[in-house]
Structures are given as C-alpha cells and as structure tokens.
Amino acid sequence: MSIISPQIIEDIKARNDIEHVVSSYITLKRAGSNYNGSCPFHSERTPSFTVFPSTQSFYCFGCGAGGDAITFVMRMENLDYITAVRTLAERSGVTIPESFSSNTNENDVSRQRVLEMNKEAARFFRNALFDTKYGKEAMDYLVNKRKLSTSVIKHFGLGFAPNSFGALHDHLKKLGYSDNEMVTAFLCGKGKNNTAYDYFRNRIMFPIIDVSGNVVAFGGRVMDNSEPKYLNTSDTPAFKKSKNLFALNYAKNHCENTMILCEGYMDVISLHAAGFENAVATLGTAITSEQARIFSRYTKKVVISYDSDQAGQRAADKAFKLLQEVGVDVKILKMEGAKDPDEYIKKFGAAKFNAIIDSSKTRFEFEMDKIISKYNINNVDEKVKASHELCKVIASFSSEIERELYSRKMSTFFDIPLSSIQKDVASIIRKRIREDKSRQQSELYRITSGIGDRVNPESASNIRANKIEEAIIGLMLLKVELLKECCDRLTQENFVTPFCKKVFESISSVYKEFGKFDIGYIQDEFTIEQISRITKMLAERERLSVNDKTTLDNLINSLTSESVKKEDSDSFDDILDAIKNKKRN
C-alpha cells in the first residue's frame, strides 16, 4: 500500500478531477457519460482514449495506457509516483509531509534532487561564462562569431563549462551533492579508478528548461571543429530527451497557429532573437512520436526548418510522417543560399526568412522535388521508377481530396493519364489494407492467447481463469458493494495467475483495513504498465451493461470450479492450433 495515507490520496484526487486534469493536456469531447479524445501516448487517427468520470479513471483502447489522475500525470510529465502525487497536491493546495521521499533505495536519486543539482549547475555555467578569467573565449565566440547580444545570452541562460576535469564536481561537492547524484544527473562521469569527472568541459552550455521552468538537462557545444560537436544529457530521473523540446518554455506562448521546428539550439536562438519566438528544436536526436504529440498539444501547424544537407532532408521526411500522424498540418522551408536558419537570417535578414515561411512546401511538394532530383525523368525506365515512388507517397495520404489533387498534379507534370495514376494508387492502398488486416489478426491471436504478455505471463497457459479473474477484479473496482462481496467470499488462493493474485491481495488488504478502496492507494506497488492493465479490467466492465451480484456469483462459481484449469489447457491448445493453421493459410 502507498506510503502516503489513503486520506491524503483521497483529498488530492477529490481536488483534481480526472476530466480537468486530462483536459489541461488534450481536447476531450463528451460521449454519453464519458469523454473521448485522441490518445496523448500513441499516434492515432480515430480517438480511442476514454475518460470515465464515474470511476475517475482513463483508458486507451488503442495502446492500453490507463490509470487515474496520478498515473496520467506520471506518464505526461515523466514523473515517479511520489513526484506526481506532489505535483497534483501543489496544484490543489494539499499538504504532503516532507518525510515522504521518492527514493526507495539509498542509492536512488529523486527527480527533485536532480532538478536542484541542475539549477546549481546552470548557475555555475552562467557565472563561468561571465567570468573574464574562464569565459572570455566563450563570450567572444557567442558575441562576435555567433552575433548574439548579451540580452539574448541571458534570456536563454547560456553558460560555459570550464576546461577542467573537476571544476563543476568540486563546486557541487561543496554544496552537499554526492558523486552518485552527479553521475545520475549526467553532470559527471566515472573514470577507471571510480573517480568522478566533469562530463561537460570547454563547451558553450545550453540549459534545457521545461514548461514549468525547471532546468531538466543540458546541451554542450564546442567552439571549434572538434568532435563530437554536441554533448547532451542522457536520460535521468528528471529528463527524457524523447519527451522534451528546446525552447518550448518560451515558444508555448507564441505558437497557437504555427511552430517552427529546427535541428539545433543555435538555430532556435537566432530565430528567437530575430522575432520568431515560436521556434523549437529536438534534443540531439531525430524527432520522436512523443515529441510529435507535444506539437499537437500546442499548435495546429509546424514548419520544418532543417539543414539543407542530405541528413537534414532525411530527418525532415521522418518529421513529416510523425507530425501528420498526430493531425498537425506540416510544411517545409526551402532555403537557398544558406545551410540552416541561423546562416540564412545572418545573410538575408528576418524579412526574407518570413517570406520563405509563407512559401513553405507541403509534404507532397517536398517528396515530389526529392524524387525528381533523384531520377532522370527524360529516361523512360527512370520515369517509371519515379512514378511508382510518387504513387506510394500519394497513397499514404488519408484524405481522398488530397489524393485526387496530388494525382492531378502528378498527371500534369509527368504527362501520364490521371486514370493510370489513380489505379496504381488504389492498388497500393488495397495492398496496405491487406497487410494491416493481417497484422491486426496476428495481434489479436497474440493478445487472445496471452503470448508475449509481459504484465501477466501466466495468462497464456491459464486463459479462461485469467479472463474470469480480470472480470472479478473489474467488478471489485467498479462497485464497492461487490468489492465487499469478493473480499468475504474469496482469498488470494482462489486466483490462478500470480499477477491477478497480487492485485486481489492488494485490493482486499486495503479494503479490510480502511473499508474503502481507490487505485491511487496501491500505485507504488505496481509498475505503470501493471496499473494500465488493472485499469483495463475496470474499463472493460464499464463498457458492459450488466454488472450485478448475479454476474459476480457466476464468475466466482466459475473461478472456484475444479474444471477451470483443464479448460484453460484445452483453450490454449485450440488457440495454438488456430495460429498454426493461419500461418499455413
């Protein structure tokens, strides 16, 4: 059971209604007594994310993410359980005793501790930059070579890591931080003799600040042509690079209609300095699906402003696809005469950059230009190859109107009959549908059989028992009177699968001690994936109209029947046979 008392959890959840918590991140629409929306945890075209106000829970029937307001904040903000509880408590004015720590082991380092360390490190780097003894060369680089004003440097909190193996380490040590904490925060590394050394040395430092104003990580850039050009903080208890964007803390206030996606920190800073305060960048990696969903929460349109080299164009192609999957309108800049936005603005000015934003290209135009540049379309064989590639691009658009318009454009440019292009596009779509259907059937077999179930591995060999167990737990979570009935009539020994046995034991022990239950009471006993599975049991019952005592009686009688194990074995064999037959067919 949670180390935080049930009463405090109850107070926090009572003041943080699930509908209001979720709707602060995504748009919800009423669907009967519930609310639906596009899942923030995976890319989808048709909303499968449901909020159930009656049970203060959420569940996505697409990706399986589920839980309560605490779980939701854990997932959205990449927080541990205690920190998520504290975050909701602070929002609603509930006081949590300071004695509650997120550390479960003396070697663990909490998110809050990393944030405090990062704040001190940011101060250290900033002071070093403005210190004429350490930062003269770095300041000269920023002001004279990169043409940044002192106000811009201060605005982004830029700093300098001295060319020393122990300057930051010694500074943080004096403040009471241990070597283990510094290594965990990725501010230090460990040498052969197990001695800590500064990870960032002789680099311009860019603090990564989240939308709440916390310094969560750093990027460090060299001032010459040495490699690696950039060093970035790896994942820590306070930071996941796949879930953050550089300068989003500023851009979020200027991006309702459009955001500009850049490759590097300097591109973003130059754009902000030139008045384009809606610019952000990914953090040393290509855009991820999580970052694409962040864009969808803040804006309607993204203009990709990547470098004009091959690597930049490949990254742009990936960004196009991921951003379109989450419903964002995407265009790409075509920069001529400069390799990146920073160079373009310095050479041609902000007004010209604004003009190329207005004339930015759609994904189809971008792909068409790329394909045309790859093939000699005056050669028949190469023209055929180019046509096939472009038909695949057209087929990837879900809108029939877009497919029609792009097919006409292709027909005119390639001098190919429109009907031929439409037939090829339709053929590609049919093939894709067949492949998707095959994958879905394979996934259905896998889920039904329990094969590959990491949350409850034993479900594969106890299929029927597991279904009954999950139905019983779902009823326990749905109705308090049925919860009491289950606790009176069942023990953990009645359960077959270890996971359901543990869930039942946790629920019943809380109920017997406090006379009530909430999923928030047991969240620190289970992983976030296990909480999602428990919530699925509840969500499946929510969708059914009959959830009464008679239903429970039948389930309990089935679970306690001696034949359930044999029937499970038979069911498992049947499913394996079905899978084998499908493969043969």
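Author: Gladly! Two strands pair if DSSP finds at least two bridges between them, and the strands (E, at least two residues) and helices (H or I, at least four) are DSSP runs numbered from the N terminus. This is a predicted model, in which local features need pLDDT of at least 70 and side-chain atom pairs 80 or more, while totals for chains, interfaces and linings use all residues. Residues are numbered from 1 along each chain as its sequence is written, and side-chain values use heavy atoms, leaving out hydrogens and water.

The chain has 25 helices and 16 strands, and its C-alpha atoms fill a box of roughly 80 × 75 × 45 Å along the principal axes. Of its 585 residues, 48% count as buried (under 20% relative accessible area with a 1.4 Å probe, protein chains only; exposed is over 50%, partly exposed in between).

Strand 1 (residues 29–31) pairs with strand 2 (residues 34–37) through 3 bridges in the antiparallel sense; look for Lys29, whose bridge partner in strand 2 is Asn36. The hairpin has 2 residues between these strands, and Gly32 there takes a positive phi near 70 degrees. Strand 2 also runs antiparallel to strand 3 (residues 49–52), again joined by 3 bridges, with Val51 of strand 3 as the bridge partner of Tyr35.

Further along you will meet an open sheet of 4 strands, in the order 6-9-10-11 with antiparallel pairing. Strand 6 (159–161) and strand 11 (230–232) are its edge strands, each pairing on one side only. From one strand to the next, the twist averages 35 degrees. Strand 10 (residues 215–221) and strand 11 are antiparallel and joined by 3 bridges; Gly220 stands opposite Leu231 of strand 11. Helix 5 (residues 111–129) lies across strand 6, strand 9 (203–209) and strand 10, at about 35 degrees to strand 10. Angles such as this one run from 0 to 180 degrees between N-to-C directions, and axes are lines fitted to C-alpha atoms, for helices over the stretch in contact.

Another open sheet has 5 strands in the order 13-12-14-15-16, with mixed pairing. Strand 13 and strand 16 (361–362) are at its edges with a single partner strand each, so one side of each has no neighbour in the sheet.

Start with strand 12 (residues 259–262), which is covered on both faces: Met259 and Leu261 are buried on one side, Ile260 and Cys262 on the other. It runs parallel to strand 14 (residues 301–305), with 4 bridges between them, and Cys262 stands opposite Ser305 of strand 14. Strand 13 (residues 279–281) is also parallel to strand 12, with 3 bridges joining the two; here Ile260 stands opposite Ala279 of strand 13. The chain goes from strand 12 through helix 11 to strand 13, a β-α-β crossover that is right-handed: with the strands pointing away from the viewer, the path from the first strand over the helix to the second runs clockwise.

Just past the end of helix 11, Gly275 takes a positive phi of about 105 degrees.

Contact here means heavy atoms within 4.5 Å.
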